[in-house]
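Student: I would like to learn how to read charge features from coordinates. Can we work through one case together?

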Amino acid sequence: MSTRTEGTVTEPAARPAGRRFGKAKWDKQPTQPAAVLIATVGIPIPSAVIRQAVELGGGRPVAVVSIARIYGSSLGLPTPGLLPTRKELDEQQALVTKAIDRLERSGVQAWGQVAATRSYAKTIAKAARARGVDHVLVVTAEVPRWRLIIEGDMASDVRRRIGKDMAVEGITSQQRPGC
């Protein structure tokens, strides 16, 4: 190995993988360890869920995941009108930030992320496995029974994806998405 500094050739800075036009295309899944994962689809997280997460965590970190839904079929071409808008993503980020602030005021270390996806159950299960959580708290809106039959129960979908490894609990909130 040479210690010469004159005439050293530096390689040009390589463009980061997955970046096109200044936007990160595929961010890596965060892997900070957590005891509890709070998951929501744009619904504000009630104080009771925060308290329950702190109790279940026992002083260990808590993770918060908010899903920005992408509508449409996965078989067709992606339609920009079906993707979440910047405003919707900012609202999701505000939900996560507010939940993290309340968790940290409770004396617990907290992590958060916003994910845009078509299959929310798959993304929540992937986040739970990556963080190694013991409990998953899924916050859902209170909907009429006919809508629950058509759309399905979010907590049971997540429970089916995760399996028997983690406890999944569905918590119904009186608030609607975007409130």
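The dialogue below goes from the overall fold to salt bridges and then to a charged patch.

Tutor: First, the ground rules. This is a predicted model: local features need pLDDT of at least 70, side-chain atom pairs count only at pLDDT 80 or more, and totals for chains, interfaces and linings use all residues. Residues are numbered from 1 along each chain as its sequence is written, and side-chain values use heavy atoms, leaving out hydrogens and water.

Student: How many helices and strands are there in the protein?

Tutor: Helices (H or I, at least four residues) and strands (E, at least two) are DSSP runs, numbered from the N terminus. Here there are 5 helices and 7 strands. From the N terminus, the order is β-β-β-α-β-α-β-α-β-α-α-β.

Student: What share of the residues is buried?

Tutor: Buried means under 20% relative accessible area, exposed over 50%, and partly exposed in between (1.4 Å probe, protein chains only). Of the 179 residues in the protein, 35% are buried.

Student: How many salt bridges does the rule give?

Tutor: The rule asks for a side-chain nitrogen of Lys or Arg within 4 Å of a carboxyl oxygen of Asp or Glu. The count is 2. One joins Arg60 to Asp134, at 2.6 Å from N to O. That pair links distant parts of the chain, 74 residues apart. Arg60 is in the loop between α1 (47-57) and β4 (62-69), and Asp134 is in the loop between α3 and β6 (135-141). Arg60 is partly exposed because its relative accessibility is 40%. Asp134 is also partly exposed, at 35%.

Student: And where do Asp157 and Arg160 sit?

Tutor: Both are in helix α5 (residues 154-162). They are 3 residues apart, so about one helical turn separates them. Asp157 counts as buried at 18% relative accessibility, whereas Arg160 is exposed at 61%.

Student: Which residues gather in the patch of positive charge?

Tutor: Patches take residues with over 30% relative accessible area and no salt bridge; like charges are joined within 9 Å, and nonpolar side chains (Val, Leu, Ile, Met, Phe, Trp, Tyr) within 5 Å. Lys and Arg count as positive, Asp and Glu as negative; His and the chain ends are not counted. On this surface the patch holds Lys122, Lys126, Arg129 and Arg161.

Student: Which helix gives the largest share of the patch?

Tutor: Helix α3 (residues 120-131) does, with 3 residues. Arg129 is found in that helix. At 46% relative accessibility, Arg129 is partly exposed.

Definitions and conventions
Areas by Shrake-Rupley, 256 points an atom, 1.4 Å probe, with all protein chains shown as cover. Charge placed at Lys NZ, Arg CZ, Asp CG, Glu CD.
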